[in-house]
Amino acid sequence: MDALDLSGRTPFHLCVDMQRMFAEDTEWRTPWMDRVLPVAAEIAGRHAAETIFTRFIPPANREAAPGAWAAYFERWSSFTLERIDHSLIELVDPLRRLVPPAMTLDKPAFSPFWKTDLHAALRARGVDTLVITGAETDVCVLSAVLSAVDHGYFVVLPKDALCSSADETHDALMSVYAGRFSQQVVLTDAETVLAAWERSAGG
């Protein structure tokens, strides 16, 4: 991987939806999560005070879901709050043990910026760069990346800390990020990210 330069930047780690309902034996299971969890955990463990873990929180029921989400949660009614085992919403271990100093952010949709105070919280810390990890590459991570770009953040994606349940669309997104967003998004690996973060902090 090419060297990553984070000098002069203020990075923060946004770890997307590494929750038990995506890790365990459910219809939403993301098989790759087992493989990338140690990598995401390494980044979070090294920078726990600069990490936010997002959690996708389903609506109470279909009737509480707005617009097209109603049909979505008619299909996935077993994941609504009135039916799901609430423990499945929790972060997976070992990430859960990092809170605090790491923080959690609950979100009602794919993007962590929608109807949350994420942007304001990051700006208050002077953050201009987001290292994004988690699940799934082609759904919630995609939404997080595009929202971050729209808000003006420089986005760093460690490919070995991203997971999906669909190889084809994961690979397609990697090509899109590299080919269409190369001025705003950098694809790299976790080792490169951690080394660059350490250099930028004067370590």
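Predicted model: local features only at pLDDT ≥ 70, side-chain atom pairs only at ≥ 80, totals over all residues.
Student: With which residue does Asp 93 form a salt bridge?
Tutor: Side chains of opposite charge can pair when their charged atoms come close. Asp 93 counts as partly exposed, at 38% relative accessibility. The closest N and O atoms are 3.1 Å apart, and the limit is 4 Å. The partner of Asp 93 is Arg 96.

Student: Glu 42 and Arg 46 both lie in which helix?
Tutor: These two residues form a salt bridge, with closest N and O atoms 3.0 Å apart. Glu 42 is partly exposed at 38%, and Arg 46 is partly exposed at 43%. They are 4 residues apart, about one turn of the helix. Both lie in helix 2.

Student: Where in the chain is Arg 62, the partner of Glu 74?
Tutor: The side chains of Glu 74 and Arg 62 meet in a salt bridge at 3.3 Å, N to O. This pair links distant parts of the chain, 12 residues apart. Glu 74 is in helix 3. Arg 62 is in the loop between strand 2 and helix 3.

Student: How many residues of strand 2 are buried?
Tutor: Strand 2 covers residues 51-56. Thr 51, Phe 53 and Arg 55 point one way, while Ile 52, Thr 54 and Phe 56 point the other way. All of them are buried. The count for strand 2 is 6 of 6.

Student: Which residue in strand 3 stands opposite Arg 55?
Tutor: Strand 2 runs parallel to strand 1, joined to it by 4 bridges. Strand 2 also pairs with strand 3 in the parallel sense, over 5 bridges. Arg 55, Glu 90 and Asp 106 are linked in a network of salt bridges. The residue opposite Arg 55 in strand 3 is Asp 106.

Student: Which residue of strand 2 is the bridge partner of His 13?
Tutor: Strand 1 spans residues 11-16 and runs parallel to strand 2. The bridge partner of His 13 in strand 2 is Thr 51.

Student: How many disulfides does the count come to?
Tutor: A disulfide needs two cysteine sulfur atoms within 2.5 Å. The closest cysteine sulfur to Cys 15 is in Cys 163, 8.8 Å away, so it is too far for a bond. For Cys 140 the closest is also in Cys 163, at 11 Å, again too far. The count of disulfides is 0.

Conventions: Residues numbered from 1 in each chain as written. Heavy atoms only, no water. Buried < 20%, exposed > 50% of the residue type's maximum accessible area, 1.4 Å probe, protein only. Helix = DSSP H or I, 4+ residues; strand = E, 2+ residues; numbered from the N terminus. Pairing = 2+ DSSP bridges.
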